[in-house]
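Here are my notes on this model, in the order I would go through them. Have a look at the structure first, then read on.

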Amino acid sequence: MSGRDLFAQPRRAGRGAALTLLFASVLVAGAATGSFPEPVERRSALPDTARAAAPAGHHEDVAAAAAEAMAAGKSPVEAAERAVSRSGDRWGAVYSPGEYEELEEALDGQYTGVGLWARRERDGRIEVTKVRSGSPAAVAGIRSGDRLRSVDGRAVDGRPVTEVVSLLRGDAQDAAAGTTVRLGLERGTRAWSETLRRAQLSTDSATVRKVADNNVTVIRVAAFTKGVGDVVRTAVRQAPSGAGIILDLRGNSGGLVDEAVTAASAFLDGGLVATYDVNGEQRALHADPGGDTTRPLVALVDGGTMSAAELLTGALQDRGRAVVVGSRTFGKGSVQMPSRLPDGSVAELTVGHYRTPSGRGVDGVGLTPDLDADQGALEQAETVLSGLGDPSSDPS
């Protein structure tokens with residue numbers, strides 16, 4: 001399947017929202033200033049079949065609206081957005097060529113930025129919480145705990161983190177790697193400014209850590225960007241013998257369906273992962289054979305677990321492969337595919353919905369965990385793992 005199971009933000013309410021609205025859930029959860037850690041295939045991979053896969057009337061209406069606006073000297077993108085809105089496609093979206101290129105880079109696991117993370121304190125101050133090693137911010141000597149006061153002369157106190165992201169990236173100017181951005185900073189009683197040159201950086205969509213005392217490996221997947229599925233498979237293979245796995249999908253707002261299926265293949269020995277429909281035609285997604293089916297596994301989810309992450313969770317739950325701990329997931333069970341419009345912009349249109357192996361629909365209802373947990377969910381997941389033991393038979 002070459003389509004995308006996009007994250008759970010609805011189509012943009014207006015041009016001013018740009019990409020920040022789409023990535024809001026990820027940015028608020030991770031406060032990854034300067035990065036958009038979400039998934040998509042590169043433009044070179046934009047399939048010619050995508051147009052045929054989208055509901056014919058739906059795509060034709062959107063394309064016609066863009067063409068008419070272009071002929072009249074009006075904005076094709078705005079006209080296409082209105083057509084998407086009229087269609088009732090809740091997850092449909094339209095991007096200018098520049099926006100889509102930026103989206104592709106981010107969803108390919110890369111972004112243009114300065115390499116710092118930040119959060120807004122209760123008093124409105126923006127504080128640096130992490131600096132990526134080797135990034136422009138790190139080279140400039142910026143460190144965790146520094147206060148960010150301004151970006152290119154614009155005060156950032158009190159602004160949402162998403163707006164700070166937009167300023168750092170230079171979204172309004174479609175700033176590319178190599179362009180400069182001037183930061184006003186404060187550390188204790190010292191105030192100074194730094195001019196940084198933006199660079200193309202890679203996101204950390206998946207991280208792996210070991211809890212030595214409990215013989216547990218925690219695989220945290222923030223988004224299904226390219227390569228994340230292989231990271232999960234490698235982590236499972238390299239986990240100590242007998243170690244339980246916690247697959248932390250909290251706040252995971254989706255990504256590439258193929259990557260979610262690859263991740264499922266780490267825990268299943270082939271078999272059904274999900275079914276989906278495109279224009280009424282039923283299709284199926286299957287795991288690769290050879291996954292680890294005996295290692296104890298807990299999937300950790302919450303209300304920010306969406307789309308491709310729900311697809312993976314549903315497969316592991318229905319196949320009896322994992323105990324799901326946390327809170328009800330978001331409930332986005334639709335699949336979007338990109339198609340090019342006459343002016344070069346791109347429409348992301350819903351082409352179908354997926355179901356779990358047992359036939360459960362996810363869209364609008366989400367998935368119910370096997371064990372409800374909110375506060376201390378990770379600790380509860382570790383407790384569940386300790387009680388699972390080492391199964392002697394294949395539960396899939």
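How many of the eleven residues of H11 are buried? Before the answer, some ground rules. This is a predicted model, where local features need pLDDT of at least 70, side-chain atom pairs count only at pLDDT 80 or more, and totals for chains, interfaces and linings use all residues. Residues are numbered from 1 along each chain as its sequence is written, and side-chain values use heavy atoms, with hydrogens and water left out.

1. Ten of them are buried, so H11 is largely enclosed by the rest of the structure. Buried means under 20% relative accessible area, exposed over 50%, partly exposed in between (1.4 Å probe, protein chains only). Helices (H or I, at least four residues) and strands (E, at least two) are DSSP runs, numbered from the N terminus. The buried set includes Glu310, Thr313 and Gln317. Just after H11, Gly320 has a positive phi of about 70 degrees.

2. Arg321 deserves a look. This residue sits in the loop between H11 (308–318) and strand E18 (323–326). Arg321 is buried yet has no salt bridge, the nearest side chain of opposite charge being Asp292, 4.0 Å away. For charge, Lys and Arg count as positive and Asp and Glu as negative; His and the chain ends are not counted. A salt bridge is a side-chain nitrogen of Lys or Arg within 4 Å of a carboxyl oxygen of Asp or Glu. The Arg321 side chain does reach the backbone oxygen of Phe267, at 2.9 Å.

3. By that salt-bridge rule the count is 16. Arg147 meets Asp157 at 2.4 Å, N to O, and Glu186 meets Arg149 at 2.7 Å, N to O. Glu186 is in strand E8 and Arg149 in strand E6, 37 residues apart. Shared partners join Arg147, Arg149, Asp157 and Glu186 into one network.

4. Finally, the sheet. Six strands form an open sheet of mixed pairing, ordered E11-E12-E13-E17-E18-E21; strands pair if DSSP finds at least two bridges between them. E13 and E17 run parallel and are joined by four bridges, and Leu247 stands opposite Ala299 in E17.

Technical notes
Polar contact = N/O pair within 3.5 Å; in protein donor to acceptor, adjacent residues only side chain to side chain.
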